[in-house]
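Let's take a walk through this protein together. Keep the sequence and the picture side by side as you read.

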Amino acid sequence: MNDSTWGTPQGAGYRGAPEFGAAPAGPAHDVYGAQQTRPMPIVPDVPDAGRDADDRNREAAHVSGPLFRDEKPQEPMAAPPTPPPAQKKRAGRDLRAAIGVGVGLGAVVIGSLFVVKAVFVGVVVLAVVVGLWELTSRLKERKGVSVPLVPLAVGGAAMVVAGYVWDAEGGWIAMALTALAVLVWRMTEPPENYLRDVTAGVFAVFYVPFLATFVSMMLTADDGAWRVLTFLLLTVVSDTGAYAVGWRFGTHKLAPRISPGKTREGLFGAVGFAMVVGALCMQFLIEDGTWWQGLLMGLAVAASATLGDLGESMIKRDLGIKDMGTLLPGHGGIMDRLDSLLPTAPVVWLLLVVFVGSG
């Protein structure tokens with residue numbers, strides 16, 4: 001092959017064969033191919049120029065898979081966790097059992113109250129003795145306080161009966177003798193912690209039987225049964241109003257360190273319910289009573305019942321227990337039902353004496 005071959009011009013459709021050992025035709029040597037390739041226009045470095053946001057979003061939506069081989073596909077973002085459905089407020093106790101026991105107790109109380117007054121006094125005595133047993137048992141179990149139950153139970157029953165038979169004077173005398181009996185009874189044991197034990201015993205005398213004596217004193221009036229019924233209705237309605245309103249609307253705690261479940265809204269419910277029922281009871285159940293006296297009585301009962309409930313909550317918190325007993329399903333023990341009744345009894349007795357006399 002002579003050297004003139006490399007200088008021969010190439011015509012259309014002709015492509016000279018390279019010599020042996022020459023570099024193969026490529027982008028830098030294929031002159032014909034280079035002439036037929038159109039140069040790429042220079043595009044400004046603005047990838048989204050001329051397109052609106054909707055076009056860019058649609059294009060991004062169609063992109064799937066990695067852009068490079070060594071790029072791992074991105075995992076789809078996990079959906080935010082669905083919040084659990086709001087749970088309805090639930091009562092802390094078995095409402096069916098509580099309602100059943102409450103109705104049963106109410107039937108016993110009302111039946112004995114309007115059939116024979118002496119039978120109702122016996123019901124009060126039984127409640128006092130059981131309450132003292134629960135209180136002294138918890139003191140012994142949780143604090144090691146040894147309070148003699150026998151003189152407390154005998155003296156407590158005597159106080160309730162004396163209040164019914166001899167009115168206030170009988171109750172005071174029985175209380176003094178009961179406290180003295182506690183001091184003497186404790187002397188039969190070693191002197192260690194004597195002061196602690198007798199102090200707890202005198203407190204128990206005052207807290208349970210003495211306050212319960214005012215119930216039997218209310219019963220001595222001519223309309224005593226209606227006075228006791230008014231006292232019971234006001235206390236129960238106050239507790240019910242506090243529970244219902246507090247459960248439904250309660251957001252502001254009343255005394256969180258003592259009883260976290262009580263709210264200010266519940267207190268307003270107790271006041272409202274008690275004032276309405278108090279006005280009705282004083283107007284229609286109590287002889288010579290008027291509705292405005294019932295309003296004042298309802299307000300006082302709501303306050304005393306709430307304070308009594310908080311007072312027993314303090315005792316239970318100090319003892320580290322939830323209930324004083326388990327005798328009443330859905331309620332706890334007898335003392336858990338007497339907590340608001342006991343401090344309310346002297347309040348109602350006193351207001352009735354002031355408003356309509358001792359009867």
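Helices here are DSSP runs of H or I at least four residues long, and they are numbered from the N terminus. Keep in mind that this is a predicted model.

With that in hand, look for the loop between α8 (264–284) and α9 (291–319), where you'll find D288. D288 has a relative accessibility of 62%, so it counts as exposed, since the cut-off for that word is over 50%. Now check its backbone: D288 has a positive phi of about 70°, even though it isn't a glycine. Why point that out? Because most residues other than glycine have a negative phi.

But D167 sits in helix α5, and its relative accessibility of 29% makes it partly exposed.

Helix α5 gives the patch its largest share, five residues.

Last stop: helix α11, residues 341–356, which holds V353. V353 is partly exposed, at 27% relative accessibility. How far is V353 from M218 in sequence and in space? They are 135 residues apart along the chain, yet 9.2 Å apart from C-alpha to C-alpha.

Key
Residues numbered from 1 in each chain as written. Predicted model: local features only at pLDDT ≥ 70, side-chain atom pairs only at ≥ 80, totals over all residues. Heavy atoms only, no water. Helix = DSSP H or I, 4+ residues; strand = E, 2+ residues; numbered from the N terminus. Buried < 20%, exposed > 50% of the residue type's maximum accessible area, 1.4 Å probe, protein only.
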